[in-house]
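This report describes the fold and selected local features of a single protein chain. The sequence and the coordinates are shown first.

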Amino acid sequence: MAQRGTGRLALTVGLLVLAVLIGGRMVGTWHNRQQLSNLANAHRRATAAHVARASTGPATQAPPATPSETTDGAAPVAIPSPTSNPGPSRAATKPRAPRAHPADPTFGARRTTGSSAVALTFDDGPSPTWTPQVLSLLKQQGVKATFCLVGVHVRDYPDLVARIVREGHTLCNHSWQHDLKLGQKTPDQIRADLARTNAAIRKAVPNAAIPYYRQPGGVWTAPIVSIAKQLGMMPLGWAVDPADWSKPGKQAIIKRVKDHTHAGSIVLLHDGGGDRSQTLAACRTLIPWLKQRYRLVPLR
Ligand SMILES: [Zn+2]
């Protein structure tokens with residue numbers, strides 16, 4: 001009996017030790033999860049800060065926020081401030097914190113042409129004022145480009161979409177109303193927004209190819225990337241951003257593009273979202289300059 005009692009005691013102690021060990025592991029795992037979550041939060045804020053900073057000047061590979069664009073038919077959207085919500089993630093700056101999040105805030109969006117050629121992209125149209133002038137300049141220069149279209153403008157100016165396609169340019173979906181916060185909505189809402197924009201484009205041009213989606217402001221999220229792909233669109237980023245939408249002056253736009261463009265660059269410009277006279281004037285100089293150095297291609 002005594003031996004059996006001792007055996008039972010040993011078994012109980014053993015089980016207790018095991019329980020404590022498992023409990024400790026679970027706490028460790030939970031702690032790791034917290035760290036991962038904190039890191040992700042820190043990364044999101046860093047991305048927001050990047051977006052906010054991009055609004056003050058030129059940048060390469062930095063997604064700009066485009067507040068002026070949100071006034072032409074889109075609901076105004078506040079840009080998340082990096083300081084308004086510090087959050088509980090100071091731990092993420094500790095030197096031993098693991099790298100848990102991809103360093104690429106664009107989630108793999110295409111930023112180069114994949115060849116030595118350079119691609120011009122024009123966002124936020126079609127605009128009845130600026131798009132026809134950009135199209136005429138491209139035609140005169142014998143250059144094809146890519147147009148990232150906002151759904152509400154597609155609905156309002158379908159003839160311009162038809163002209164873009166007729167003249168051999170590539171189309172890109174740029175959301176229904178330039179929603180910088182689209183990535184925070186539900187997958188169903190994201191899908192509906194992108195599908196509505198594609199439907200408007202195809203109402204203007206039946207069976208139009210729409211090989212790309214570009215998230216407004218470059219505010220990518222994993223769901224947006226995956227839903228765009230499900231709808232047959234490759235996420236489209238950029239390598240050169242002269243911040244032409246902020247109207248820094250024709251010469252500044254020219255200099256920024258000249259300084260940052262290399263073989264393979266995708267260049268971000270705007271034919272919509274406000275007064276694009278500076279962009280148009282800059283392009284009259286830039287396109288001949290670029291043509292002397294690079295092959296200019298529409299993305300395919
Ligand atoms: Zn845009």
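## Basis of the description

The model is predicted: local features require pLDDT of at least 70 and side-chain atom pairs count only at pLDDT 80 or more, whereas totals for chains, interfaces and linings use all residues. Residues are numbered from 1 along each chain as its sequence is written.

## Overall architecture

The chain contains eight helices and six strands, where helices (H or I, at least four residues) and strands (E, at least two) are DSSP runs numbered from the N terminus. Read from the N terminus, the order of elements is α-β-α-β-α-α-β-α-β-α-β-α-β-α.

Of the 300 residues, 40% count as buried. A residue is buried if 20 or more other C-beta atoms lie within 10 Å of its own, exposed if 12 or fewer, and partly exposed in between, with C-beta atoms placed from the backbone. Among contacts with a separation of 6 or more, 82% come from residues 24 or more positions apart; a contact requires C-beta atoms, placed from the backbone, within 7 Å.

## Helix α5

Helix α5 has 18 residues and spans 26 Å from its first C-alpha to its last, close to the 26 Å expected at 1.5 Å a residue. The expected span is 1.5 Å times one less than the number of residues.

The buried residues of α5 are I190, D193, L194, T197, N198, A200, I201 and A204. They lie on the same side of α5, because they cover an arc of only 155° around the axis; the arc is that of the directions from the helix axis to the C-beta atoms. P187 and D188 are exposed residues on the face turned away from this buried side. The buried residues of α5 pack against β2 (146–149), α3 (151–156), α4, β3 (170–173), β4 (212–213) and α6 (222–230).

## Packing of α4 against α5

Helix α4 (residues 158–166) packs on α5 (residues 187–204) at an angle of about 75°, with the axes 8 Å apart. This makes α4 roughly perpendicular to α5. Axes are lines fitted to C-alpha atoms, for helices over the stretch in contact, and angles run from 0 to 180 degrees between N-to-C directions. Angles of 65 to 115 degrees count as roughly perpendicular, those under 35 as roughly parallel, those over 145 as roughly antiparallel, and the rest as oblique.

From α4, P158, V161 and A162 meet I201, K203 and A204 of α5. The residues of this contact divide into five nonpolar, no polar and one charged. Ala, Val, Leu, Ile, Met, Phe, Trp, Tyr, Cys and Pro count as nonpolar, Asp, Glu, Lys and Arg as charged, and the others, Gly among them, as polar.

## D123 in strand β1

D123 belongs to strand β1 (residues 119–125). D123 is buried, with 27 other C-beta atoms within 10 Å. Beyond its neighbours within four places in sequence, D123 contacts C148, H174, R214, L268, H270 and G272. D123 and T146 are 23 residues apart in sequence, with their C-alpha atoms 8.6 Å apart.

## Backbone features in loops

A cis peptide bond, with omega about 0°, joins G125 and P126. P126 is in the loop between β1 and α2 (131–141).

Two residues other than glycine have positive phi: N207 at about 65° and A243 near 55°. N207, in the loop between α5 and β4, is exposed, with 5 other C-beta atoms within 10 Å. A243, in the loop between β5 (234–235) and α7 (250–260), is buried, with 21 such atoms within 10 Å.

How values were computed
Two residues are in contact if their C-beta atoms, placed from the backbone, lie within 7 Å.
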